[in-house]
Amino acid sequence: MTSALHTSALNSLPLLARGKVRDNYAVGDDRILMVASDRISAFDVIMGEPIPGKGALLTRLSLFWFERLGPQGLNICPIHLTGDAAESVVSVAEAPQVKDRSMLVQRLKPIPVEAVVRGYLAGSGWKEYQDSRSVCGVALPDGLQNASKLPEPIYTPAAKAEMGEHDENITFEETVAMVGADVAGQIRDYALRLYQAAAAIALDKGIIIADTKFEFGLDREGRVVLMDEVLTPDSSRYWPLESYVVGQNPPSYDKQFLRDWLEAVRINGKPWDKSPPAPRLPKDVIEKTAAKYQEALTRLVG
């Protein structure tokens, strides 16, 4: 197993923020160095143990999708990559911390909306459908089952929460009130087009992308730009096509394995209450989670 980076420590650049996975550093006033650590979170809680190789894997997958969906590929929307090497902005001694796990990107004004697209009925969406025949206010036809493919992908945005809090599902109309009709419409349309294109690419490689979320920001000219990670197992639900059966929860290449373990674990005879600190992850859970992520990368990228 490769060595892991739980938290980066760069002294040559000012730290802007640490997220659940990424550590962001300022590069002047117009760029950001995004370092993908090997941290993993579940139920909005960061685990104490990292998943070796995860940060490099997430970065490689994001770059794969940026290349295919951005200006060099299908050109669906602008992307935040600068094209510059991450190692070029840190000291020689710090280069190993950023190599293969970092992206040097434009500094944008983040739009506080998670652009969620669902192509299949799964997870919380399936639970909500059983109660209301809808998901996040979007009406759906009767007769759907767990893991059913939706008649067409639906856009179900969420308001981004502070660290440790849960994102809140909102309506498209609420996003209009937050960011204006033009920006809200662009986010929705970009997200749907990105999902549909990526889902087709993944299906050819034997992977169903059941749902995903995108993040966008505004550049200095006011353009909507795709940012952060894209279509990784952290932000998407990946299912193997050969195991897909309507009515059942398919095995997945994302962190569902970790979530299932956390749901089953008992602490002093009681279930974990999903608040910090997280239960300590045993070695086999770490290794199996790493293997799930690696299989997704291998299928998509080779």
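Author: Let us begin with one pair of residues: in this predicted model, I32 stands opposite V105 in β6.

Reader: Which strand pairs with β6, in what sense, and over how many bridges?

Author: Strands of a sheet pair through backbone hydrogen bonds, and the pairing is either parallel or antiparallel. In this case β3, residues 31–36, is the partner of β6, and the two run in the antiparallel sense over five bridges.

Reader: What is the order of the strands in the open sheet, and which are the edge strands?

Author: Four strands make up this open sheet, in the order β1-β2-β3-β6, and their pairing is antiparallel. The edges are β1 (15–18) and β6 (102–106), each of which pairs on one side only. On average, neighbouring strands are turned by 20 degrees against each other, direction ignored.

Reader: Which strands does helix α1 touch where it packs on the sheet?

Author: Helix α1, residues 54–69, touches β2 (22–27), β3 and β6. The direction of α1 makes about 45 degrees with that of β6.

Reader: Let us turn to the cavity. How many cavities of 30 Å³ or more are counted, and what lines the largest cavity?

Author: The count is one cavity of 30 Å³ or more, and the space in the largest cavity is about 30 Å³. Its lining consists of E114, K213, F214, E215, D228, E229 and S235. Strand β14 (residues 207–218) gives the most to this lining, with three residues.

Reader: How do the lining residues divide into nonpolar, polar and charged?

Author: Five are charged, one is polar and one is nonpolar.

How values were computed: Residues numbered from 1 in each chain as written. Predicted model: local features only at pLDDT ≥ 70, side-chain atom pairs only at ≥ 80, totals over all residues. Heavy atoms only, no water. Pairing = 2+ DSSP bridges. Axes fitted to C-alpha atoms, helices over the stretch in contact; angles between N-to-C directions. Contact = heavy atoms within 4.5 Å. 1 Å grid on protein atoms, 1.4 Å probe; cavity = no way out; pocket = protein on both sides within 12 Å on 5 of 7 lines; lining within 4 Å. Points joined across faces, edges and corners; volume = space filled by probe spheres on them. Nonpolar A, V, L, I, M, F, W, Y, C, P; charged D, E, K, R; others polar.
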